[in-house]
Amino acid sequence: MEEVFPVGSGVVLGLVLAYLVPGRLRGWILAVGSALIGAAASWISGELAVSWLYLLVDIGQVLVAGALTWILAARWRPFARVARREV
């Protein structure tokens, strides 16, 4: 259950990247956002008290979820345009 926050935050980060962030900044914002959100997730769940390695796990989860969502949203965009034209 503790992994819902990093993955969910990564999905939100990926959607923000796909629709609100200019192209040149997306990679940087993904990296910095993943580090910040992953650190916050480790701190909120109390995993930092156990081991600092959980920080890397949570950052990785946010990074993967954000990147996959960003890619899927970018691939979905042309299909959404075609669907809007046909209606």
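Mentor: We will go from the overall fold to single residues, and note that this is a predicted model.

Trainee: What makes up the secondary structure of the protein chain?

Mentor: The protein chain has 3 helices and 0 strands. The elements run α-α-α from the N terminus.

Trainee: Why is Trp76 called exposed?

Mentor: Exposed means over 50% relative accessible area. Trp76 has 56% relative accessibility, so Trp76 counts as exposed. Trp76 is found in helix α3 (residues 53–86).

Trainee: Which residues make up the largest nonpolar core?

Mentor: That core has 5 residues: Leu13, Leu17, Val21, Leu30 and Val62. A core residue must be buried, and its side-chain atoms must lie within 4.5 Å of another member's. Beyond four places in sequence, Leu13 touches Ile29, Leu30, Gly33, Ser34, Ile37 and Val62.

Trainee: How do you know that Arg26 makes a polar contact with Leu17?

Mentor: The side chain of Arg26 reaches the backbone oxygen of Leu17 at 2.9 Å. The cut-off for a polar contact is 3.5 Å, so this pair qualifies. Arg26 lies in helix α2 (residues 26–45). Leaving out neighbours within four places in sequence, Arg26 is also in contact with Ala18, Val21 and Trp70, among others.

Trainee: How much of the protein chain is buried?

Mentor: Buried residues are 28% of the 87 residues.

Key: Residues are numbered from 1 along each chain as its sequence is written. This is a predicted model: local features need pLDDT of at least 70, side-chain atom pairs count only at pLDDT 80 or more; totals for chains, interfaces and linings use all residues. Side-chain values use heavy atoms; hydrogens and water are left out. Buried means under 20% relative accessible area, exposed over 50%, partly exposed in between (1.4 Å probe, protein chains only). Contact means heavy atoms within 4.5 Å. Helices (H or I, at least four residues) and strands (E, at least two) are DSSP runs, numbered from the N terminus. A polar contact is a pair of N or O atoms within 3.5 Å; within protein, one must be able to donate a hydrogen and the other to accept it, and residues adjacent in sequence count only if both atoms are side-chain atoms.
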